[in-house]
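Let's take a walk through this model together.

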Amino acid sequence: MEQHWDTAVIGAGPAGLMAAEVIARAGYRVLLLDAKPSVARKFLMAGKSGLNLTKAEPLEELLPHYGAAQDWLTPMLTQVDADWVQRWATDLGQELFVGSTRRVFPKAMKASPLLRAWLERLDALGVERRVRYRWTGWQGDALRFEKPDGAHLITAKTTVLALGGGSWARLGSDGVWAETLGADGVAISPFAPANAALSLSWSDFMAPHFGAALKSVRWQAGDLSSRGEAVLSARGLEGGGLYGLTPALRTGAALHVDLVPDRTSEVLAKTLPKDPKKARFAQWLKKTLRLPAVKVALVNEMITDRSPPMTDWIDLVKQLPLTGWQLRPLDEAISTAGGVQRAAVNGDLMLEARPGTFCAGEMLDWEAPTGGYLLTACFATGRRAGEGVLRYLSNGNSR
């Protein structure tokens, strides 16, 4: 049993790495552990298509994207906002750029250069890393781990748990920890998919359009709306335009799409045929509105009457109902809702049921859409947990 650590940080994703940095900068001895053979696997996967670090918008615009958790996260995001994230990344030697939608990316686009620089910083601060250490709970005051060669115990004055949510188990976020904490009296909200794609059983007529993007559309589900594209695939629909609607879709809200969001109903009314007897819905879609083939196909897939009355035409392109969908399984979701409830931790994210143990990142019960909001909050909660550890240790506390 090893007993010389001030803090054990379990989970080497963005939140855990940030907590480790904060604590190590104060001169404490930090041990960073991860269950996988290498660290930050989900972080690296997210960066394969372009690492969206944050959204370059003021705090008052950033905060509403965290929905019901906004009040909880506000003190943390006030410290770690979009400007802070950009300064931090730049300090790691990463050149950044802001896209047309104000999303912030490293010029390298990938996550690997930033991660390498970050790990080099942690090495210089004396943080020790260990992989293939799967945390399985406590044995007395010791942390219990399963390794390839058997069980192992480690004791530390404090612990930061940054174990991720319940999606992408192959990258390390399997949510198994929820049962362990729940048995210890920690209030846990059940996991649910967030930023999830949709499953649809298409007819054979849709096959030629697999891979096509639905662009210039607005999606609506309940009180949520989103202007963004989605890609049609053999399995259904996926894309940033849909992901932010997941909270409403989880409750069973109806889903609609506006295929021409830049044209009002009044403008569309002027394009309707003058002679209803000669009116052809298909011609209006293709020749008058000039909709792309994938949009026309989607309309035809979702309606039962291929010759609807002209009085319905405008509604069908402005509020086309999408039916027959289901959210993709939890493990396929980009992120998850649920996790450690707000009431289970104090303002420093320390567990009320286990003093000296702090939580950070996606294992907390909050959610946010893609677009930089997820990573920003992971950084923010990681920093808050790290600062909580410093306050706890400076008061002479230890388990």
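Start at Ser233, which touches Trp202, Phe210, Gly211 and Glu238, leaving aside residues up to four places away in sequence; contact here means heavy atoms within 4.5 Å. Ser233 sits in the loop between β15 (230-232) and β16 (236-238). With 18% relative accessibility, Ser233 counts as buried (under 20% relative accessible area, using a 1.4 Å probe and protein chains only).

A word on the basis of all this: the model is predicted, with local features needing pLDDT of at least 70, side-chain atom pairs counting only at pLDDT 80 or more, and totals for chains, interfaces and linings using all residues. Residues are numbered from 1 along each chain as its sequence is written, and side-chain values use heavy atoms, with hydrogens and water left out.

Now look at helices α4 (residues 70-79) and α14 (residues 373-394), whose axes come within 9 Å and cross at roughly 90 degrees. The two are therefore roughly perpendicular (65 to 115 degrees). From α4, Leu73, Pro75, Met76, Leu77 and Gln79 meet α14 residues including Thr376, Ala377, Ala380 and Arg383. The residues of this contact divide into six nonpolar, three polar and three charged.

Finally, the annotations. The UniProt record, an unreviewed entry, places a "RsdA/BaiN/AoA(So)-like Rossmann fold-like" domain at residues 6-387; this span is 30% helix and 24% strand (DSSP runs, H or I of at least four residues for helices and E of at least two for strands).

Conventions:
UniProt positions renumbered as here; feature names shortened; annotations may be inferred. Buried < 20%, exposed > 50% of the residue type's maximum accessible area, 1.4 Å probe, protein only. Axes fitted to C-alpha atoms, helices over the stretch in contact; angles between N-to-C directions. Parallel < 35°, antiparallel > 145°, perpendicular 65-115°, else oblique. Nonpolar A, V, L, I, M, F, W, Y, C, P; charged D, E, K, R; others polar.
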